[in-house]
Amino acid sequence: MSKTVKDAIETIPTDEINSISLSLVRSEILTKVIEYCKKHNSAQMSDVDLMDWDVEFANVHYTTLFDLVLSANYMNINCLLDLVCGKIADMIKGKTPGEIAKLFDIKDVSTYEEDN
Amino acid sequence: MAGETAWISHYDEDMKKETVDFNLELDEEIDKDGSAVSVDIILPDDLLERILSYLPIASIFRASCVCKRWHATSERFLLNPSHLLPQKPWYFMFTSSDEPTGHAYDPNLRKWYCIELPFVGTSNWSISSSYGLVCFMDNDSSFMDNDSRTELCLCNPITKSCRKLQKPPGMSSDYGALAISVDKETHDYTVAIVKSKQVPGNFFQWDISIHIYNSKEEAWVTPLTEVLTGWRGGEESVICNGVLYFVVYYTGGVPPENRHALVAYNISNQFSQASLSFIHIPCSLTCARLMNMKEKLVMVGGIGKLDRPDIIKGIGIWVLRDKKWEEIVRMPHKYFQGFGEFDDVFGSSGVDDLIYIQSYGSPALLTFDMNIKQWKWSQKCPVTKKFPLQLFTGFCFEPRLETAP
């Protein structure tokens with residue numbers, strides 16, 4: 001499921017693999033990512049139940065969502081990336097630019113207009 | 001681009017009143033994590049773009065106001081519109097009788113925005129829209145003068161870019177119908193005007209002329225002039241799949257079948273002389289509104305009573321397939337009643353899969369989604385009726401940044 005892992009496996013000869021470096025991913029987040037991958041690979045749930053499970057899975061604190069999006073991007077897991085990006089987009093939808101800046105902890109909020 | 005910012009600031013004020021805080025613990029949590037690295041710093045541009053691709057266009061405008069980087073990323077993203085999720089079309093409602101301001105309804109976010117059109121005009125115009133561009137034609141009584149002061153204007157209501165078009169040649173007319181079609185790939189556009197003028201001294205005969213403007217050539221041609229007996233053109237027309245359709249009205253005494261008929265004229269074939277072909281209307285209508293829904297011709301019609309065809313008893317939606325009308329749906333009675341008073345003539349406009357219907361007497365707006373066959377009232381318009389005879393009209397358009405007149 002992770003293209004990064006898949007690529008690593010494909011490029012390194014199998015007998016030399018002991019561990020694949022995922023140094024940018026914190027262990028708590030990696031645990032969640034593995035949970036996601038296991039669930040989606042298990043084929044035990046119907047599509048509808050899986051969608052419900054996804055909604056629950058993504059219903060986390062926004063800092064966890066940000067960690068998840070960066071990890072899913074790094075590990076190149078497209079379906080997880082779509083799920084988390086969609087959830088972050090939902091958070092942005094109702095907010096003013098000021099509130100979005102606060103959420104993403106953006107300090108420099110000058111736009112092109114203020115410079116001119 | 002200053003115009004765009006002004007539009008956003010207009011609408012931001014509306015937003016502040018209605019924004020619901022999505023994550024209620026937000027404020028406290030941000031203070032706690034003050035020492036953590038700002039996620040924005042480590043969020044790569046392509047990831048930010050991916051997040052933007054899930055947003056409705058109005059949210060992307062707001063995102064572009066967050067900071068310089070988001071502005072640059074949003075702009076870059078919007079220049080390539082294929083990234084966007086399919087957007088439901090908006091509806092602009094004239095809420096002032098003499099100013100070009102009005103309110104636009106965004107069904108993607110279910111919000112109303114106050115917007116100003118980039119030119120001075122009123123709601124007494126013929127309006128046609130296609131792929132983000134809206135064309136306005138003055139239907140004023142100055143039409144009746146020999147000095148035909150037809151005002152013709154093309155604009156993008158989102159970007160505010162605007163252009164006056166040269167008038168079609170020829171004499172003035174009693175009725176004029178307007179239609180525009182934009183090519184999705186090249187962004188070239190075709191404007192068609194159907195003029196009807198009563199033949200002097202003859203009550204039943206009408207001079208019909210079709211004028212076509214092409215943005216590539218920047219010139220008008222008049223490929224057809226014909227005299228119709230017993231029928232006249234009106235103000236309702238649309239271009240669909242290279243064919244110009246317009247509604248004609250019976251001017252004789254008792255009509256053969258119905259008082260309305262549809263005329264089709266093929267404008268896509270430049271070289272051969274096309275002629276007008278008549279298509280029957282399915283039943284007795286009080287009024288007919290035409291729209292191009294994904295290159296299918298759809299008609300929303302007021303259904304008249306058998307004995308009193310000028311009194312509306314319902315509203316139906318039909319689609320034209322192989323020159324035959326197929327009924328899609330009838331408006332359920334509860335929605336029909338929900339408008340309160342419904343005149344025999346009403347406004348309706350639609351794009352892609354969404355049809356808007358409004359009664360001229362109130363700002364109530366009803367939508368019908370052709371895809372899921374669902375009727376739904378819009379969010380209540382923030383404008384209320386100020387005086388008993390106030391009329392509300394509007395038009396449907398696609399919010400697009402990439403088309404310009």
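Let's start with chain B: strand 5 (residues 133-138) and strand 6 (residues 152-155) pair in the antiparallel sense, over 4 bridges. Pairing here requires at least two DSSP bridges between two strands. This is a predicted model: local features need pLDDT of at least 70, side-chain atom pairs count only at pLDDT 80 or more, and totals for chains, interfaces and linings use all residues. Residues are numbered from 1 along each chain as its sequence is written, chains are lettered from A and ligands numbered from 1 in the order written, and side-chain values use heavy atoms, without hydrogens or water.

Back to that pair. B:F136 has B:C153 in strand 6 of chain B as its bridge partner. Strands are DSSP runs of E, at least two residues; helices are runs of H or I, at least four; both are numbered from the N terminus.

Now the whole sheet. It is open, with 4 strands of chain B in the order 4-5-6-7, paired antiparallel. Strand 4 (125-130) and strand 7 (162-164) are the edges, each pairing on one side only. From one strand to the next, the twist averages 20 degrees.

Over to chain A. The axes of helix 2 (residues 27-42) and helix 4 (residues 62-75) come within 10 Å and cross at roughly 70 degrees. Axes are lines fitted to C-alpha atoms, for helices over the stretch in contact; angles run from 0 to 180 degrees between N-to-C directions. The two helices are therefore roughly perpendicular (65 to 115 degrees).

Who touches whom? Helix 2 of chain A brings A:I29, A:L30, A:K32 and A:V33; helix 4 of chain A brings A:T64, A:D67, A:L68, A:S71 and A:M75. Contact means heavy atoms within 4.5 Å.

Conventions
Parallel < 35°, antiparallel > 145°, perpendicular 65-115°, else oblique.
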